[in-house]
Amino acid sequence: MASMLLLIGFLIAGLELTGAQSVGVCYGKNGNNLPTDGEVVDLYKSNGIGSMRIYDPDQTTLNALKGSNIELIIGILNNNLQALTDATAATNWVQNNIRNYPDVKFKYIAVGNEVHPGDAEAQFVLPAMQNIHNAIVAANLQNQIKVSTAIDTILLGNSYPPSAGSFSAAANSYISPIINFLVSNGAPLLANIYPYFSYTNNPQDISLPYALFTSPGVVVTDGSLQYQNLFDALLDSLYSALEKAGAPNLQIVVSESGWPSEGDTAATVVNAGTYYKNLINHVKGGTPKKSGQAIETYLFAMFDENLKTGSVIEQHFGVFSPDKQPKYQISFG
């Protein structure tokens, strides 16, 4: 009996560890003061960060990742999608950026990031995904590497309450064939989920504690489901939209989520630290719709990036400063 209890204890510990390992960090390089790729990989390893997302096949990053055992989402930039509608170009891309790096632990290929239905690149996303997938199959890597694309919640026409989540009419014709492709190939949908932007766009209806995982009680009751934080509500809205699109079992990987520390009233070090710490703890347990299922999640981002354009906040999403010092007291495991 004692040995059986010990075995059960190990199994439970293993399950907890699996959940604890579900957090990765996005590695953007839009800065002129960032560490070398080798130093960055060492920083991931020393902090127990087991997964990374990069946005293009940077050769120095891929070389630094060799033998690291860090799981990788590798991206294809939106302006490269049209070229990959050519099957030969896609085969060459997989050869140059995947097959040439057998010691890198590729997990997903993100074919485009936050492409919207009205964008010029929208027509190229699915053909590029299909060609990249075919090249992965030809390399016999389809069981290790899944081909997807990263969306944002702008594609939702309705997101409240979460059970009413649905894609907008404009987004539906764009995303439905992509959803069918993902289901057919056993690949997840990548989604960038930002309670920060939902809150700052609608502060009169959304409370800061709801966005930061600090609400003391239930904020939204949706049938039998109860929501205490905005992250869960956004993610379950997407799951509801997938159900309505005929894909109730399609898994979502949260490919970005973060909170800036500077540049706006709500963008403070305290709020950002609170968000990251609570997000890391929360994703071990799942959403109300998918209770008990750890949410594979990637924090955005590893470093503050001083060359990012647009709003000032875009330069302040890092969990580390460029000098490799942690901005917050958080544990990634």
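Biologist: Leaving aside neighbours within four places in sequence, which residues is Pro177 in contact with?

Modeller: Contact means that heavy atoms lie within 4.5 Å, and by that rule Pro177 is in contact with Leu126 and Asn172. Please keep in mind that this is a predicted model, in which local features need pLDDT of at least 70 and side-chain atom pairs count only at pLDDT 80 or more, while totals for chains, interfaces and linings use all residues. Residues are numbered from 1 along each chain as its sequence is written, and side-chain values use heavy atoms, with hydrogens and water left out.

Biologist: Where does Pro177 sit, in which helix?

Modeller: Helices (H or I, at least four residues) and strands (E, at least two) are DSSP runs, numbered from the N terminus, and Pro177 has its place in helix α6, residues 169–185.

Biologist: Does Pro177 count as buried or exposed, or in between?

Modeller: Buried means under 20% relative accessible area, exposed means over 50%, and partly exposed is in between, with a 1.4 Å probe and protein chains only. Pro177 counts as partly exposed because its relative accessibility is 33%, whereas Arg53 counts as buried because its value is 2%.

Biologist: Where is Arg53, and which backbone oxygen does its side chain reach?

Modeller: Arg53 lies in strand β2, residues 51–54. A polar contact is a pair of N or O atoms within 3.5 Å, where, within protein, one must be able to donate a hydrogen and the other to accept it, and residues adjacent in sequence count only if both atoms are side-chain atoms; here the side chain of Arg53 reaches the backbone oxygen of Ser255 at 3.2 Å. Not counting residues up to four places away in sequence, Arg53 also touches others, including Tyr27, Asn192 and Glu256.

Biologist: How is empty space found?

Modeller: Rolling a probe the size of a water molecule over the atoms shows where empty space is left. A pocket, on a 1 Å grid over the protein atoms alone, is an open set of points where a 1.4 Å probe fits, with protein on both sides within 12 Å along at least five of seven lines, and lining residues have an atom within 4 Å of a point. The largest pocket has a volume of about 1300 Å³, and of the 47 residues that line it, the closest to its centre are Glu114, Asn192, Tyr194, Phe197 and Glu256. Helix α9 gives the largest share of that lining, four residues.

Biologist: Which residues of α10 are buried?

Modeller: Among them are Asn271, Tyr275, Leu279 and His282, and the buried residues of α10 pack against elements including α7, α9 and β11.

Definitions and conventions
Grid points are joined across faces, edges and corners, and a volume is the space filled by probe spheres set on the points.
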